[in-house]
Amino acid sequence: MNLSNQQVPSLDDSGPTATGLAVPGSRFSRHRQSIPRHSSTNSTRLQVIDDEQRFTDKVSGYMKDRWELADAGFDYNVVAVFGSQSTGKSTLLNRLFGTRFDVMDDSQRQQTTRGIWADRGTDGMRVLIMDVEGTDGRERGENQDFERKSALFSLAVSEVLLVNMWEHTVGLYNGANMGLLKTVMEVNLQLFGSNRESKTLLYFVVRDHVSQTPLENLARTLKQDMERIWDSLSKPSELQDARLADYFDLKFTSLPHKTLQPEHFEKCALQLRAQFTDRQSANYVFKTEYKRRVPADGFPHYAEAIWEKVVSNKDLDLPTQQELLAQYRCDEIAATALIPFRECLEAMRPRVEDGNIVDDLGKRVLAERASALDTFDVQAVRYHSEVYAKKRAAFVQTLDGELYSLFLNQVKNASSKAAATFANDCQRELEDSIDDNEADFSTVVGDVRRRVTRWFKSIADSLTVDGASWTFNTETRYLETQLDAATEKLRIAEMERAIDQIRRTAKTIMSDVVAEKLNNPTEGDMWAGVMRDGFEVANGKAEQALEHRMDSTGLVLDAGNAEQQKQRAQLMKKLHKGIWEDMVGLLREEVGDQMVLLKLRNVLEDRFRYDENGLPRVWKPSDDIDAQFAMARGVAQALLPKYSKMDPSSLSKSPRMSGWGSLQFFPPGFEIDSTLTLISPARQRELAKRFGREADALYLEAKRAMVTTQNHVPIWVMVLLVLLGWNEAMTILFNPLYLILTALVGGAAVVIHNLGLWGPVLRSANGLASMANDHVHELLVEAVNRTEPPGRQNKTSPTASSSSAGESSSAGDVPKTLKRRKSSRLVAGNRSSSRVSVNEGIEMEPLGDTGSVGGGGLSASPMSVDSGESGDRF
């Protein structure tokens, strides 16, 4: 195959192809003869880490004296090489950077580089190059510890890591060192993954590229392998979403065969060198994002610290081939044994997750666990003993981990069911014992608690695994806490129920007393009777009932204990408050608006309508009704302030009510003064007004009754009316027309009177009369206008002439006169009132001569109708 005219392609991880270019004018831009060759004795090389993993202390001196990089600051770069042994790594570095690393003798296939060597690039390149011992060497055999550590060190300190590989190893896993890369990248992510300040360029150099496979295809294969390795890494929890591109850039190139195509190899090597030397090149590899930001004078300490961290990391202590086989087989056996075990768990998991209690769960699952362990032991015991022991422990831990999640759900379900059963059973048994007031609360609750606790413990014991690191002590304590809380709730509910029962009994006692005392306010001291016979008696009986209930049912266990005594006192205060509030509620019902008005009216009627003996009064003209009414109303009105506010002063005098009104009797925060007012001042004034109106109505009723008894029509008047109206009555009775007309009118009057329609009837009659009046008025106006003689407007009297001097000369024009009359008629026909609006004067004259008639002259003076003056005049 002739490859002499080919150029070396270079691909980065973004996809486009780039070709390395030679630097014009450089002595490396010609042929192989122009590349300097050096002997292995050159003093600029330094073995940084020897084959015994010791870090040298000469790096600082070399950085200052030999490499002259100590004062470079951040203006320097670090390149390392990674690859299998005897693949030409040192040769590649010497060609690219002009270094003097030892290369393998072509006549012998043996290890050349041991440990890690460093040197500086020539031609003023501020590049520190590290030649790393090759991997998979026969000298170290199965001991790959140094290979991993040296590769990890190179990956950590270098900006560009050259991955040197043969073309025929592309696509291989071990041949291309992908396994080692995976281990190194995984540990690098764990140790240095939190630092994303800089990335690393992985530059894959495919050696001896002589096949027809394009570089693009080789690059695609390598990139897919790297992506697959990255996805399979065990990443820290905070870096689960990290991508390969966040830490590494990938770049790919290839070189022809060094032996078969020596000149083309040297030419491509020079072109590849340009990517490390020509800052103006688009393929320049030393980009800013790869900088480690470590000053040159601090690099020795930085590199030594990295190496110490790498050496102390245990994740790089990977096993031998025998151990690897044992690990692989044990993992395989464990995976096989887990299948039936997990199937058993998955069959019961939905029921447990739904909150159910699966019977015999522990027995069935533990049997599957023992079977899985037996399967693992029989097959895995034949392999490496240490690996077997570790893998068995891990397998047991896996089994117990899956068991624990299922068992924990079962225990939580049992805990919830136990708490619910405890509450329900206690509630039911306490309700069943309501009729028996001697039921012991503590005994009932204690029996139920022991029963549910015993059941829960049996469930938890059935799920216990010998040797497991977990127990159900936390869940047991949580159940105890739940039961304590439920017991306290039941105790509070039972106490509330007991207090409610006692309050109902006390309220019944007080209701009769309150009603009786408030309905008879004038008999003795009303409030003293309410407090003494109502509240005091009911409160005393309630205290006795509560004391008996607490002692007999165990609501408060130990009366001698200070805490329990305090609880008993709090219950008693709560009972006092409840009974007082019940009495206040009864009193407020009794002094409602209608009730208090009824009471005041009853007192007024008792005093006004009845005498001292309780007999109804029949008022006579000689009785002083005003004085009697004033006295009765005064007595009734005086009761309103008495009803408005309670007077509990009598309670403080009673020996049975010790501590009345203080914190010893009522709970803290209870203000008794706010409950004493039953009727506010505003309501008192309103009720006084309403009562005054009702009292006045009663007074007027009595007055009317007295007038009715006094006003009787005398008999002689009735006889006189019969005698004088006899003829008219006979006329109506014996004349059918009058009789029917009288009957109709009388019937209509009766109906109108019974229906209360006299008002509408009168309004209708007035309306009809007004309409008739308007109509007659209009007829009269029209008649007057029609009787006016022709040419009337041409005759003007001196008075009329003088008064109309300012008018138009066409005042006698007949069409205009007719127009004015028409206007007058239209106005008169459309008005809605009895007024007439006329725009001209109307002058009435006698029909005959203007001479005397019957010995005297009759003349009609003009009559004017002016709508702007006071009404219509004719």
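Axes here are lines fitted to C-alpha atoms, for helices over the stretch in contact, and angles run from 0 to 180 degrees between N-to-C directions. The model you are looking at is predicted, with local features needing pLDDT of at least 70, side-chain atom pairs counting only at pLDDT 80 or more, and totals for chains, interfaces and linings using all residues. Residues are numbered from 1 along each chain as its sequence is written, and side-chain values use heavy atoms, with hydrogens and water left out.

**Exercise 1.** Find how helix α20 and helix α21 are oriented to each other.

*Solution.* Start with the geometry: α20 (residues 726-734) packs against α21 at an angle of about 95°, and their axes are 5 Å apart. Next, apply the classes: under 35 degrees is roughly parallel, over 145 roughly antiparallel, 65 to 115 roughly perpendicular and the rest oblique. The two helices are therefore roughly perpendicular. Now look at who touches whom (contact means heavy atoms within 4.5 Å): Thr731, Ile732, Leu733 and Phe734 of α20 meet Pro736, Tyr738, Leu739 and Thr742 of α21.

**Exercise 2.** Check the span of α21 against its residue count.

*Solution.* The expected span is 1.5 Å times one less than the number of residues. Finally, visit both ends: at the start, a side-chain oxygen of Asn735 comes within 3.1 Å of the backbone nitrogen of Leu737, and just after the helix Gly756 has a positive phi of about 70°.

**Exercise 3.** Classify the pair α3 and α7.

*Solution.* Helix α3 (residues 145-157) and helix α7 (residues 299-311) pack at about 140°, with axes 10 Å apart. The pair is therefore oblique.

How values were computed. Helices (H or I, at least four residues) and strands (E, at least two) are DSSP runs, numbered from the N terminus. A polar contact is a pair of N or O atoms within 3.5 Å; within protein, one must be able to donate a hydrogen and the other to accept it, and residues adjacent in sequence count only if both atoms are side-chain atoms.
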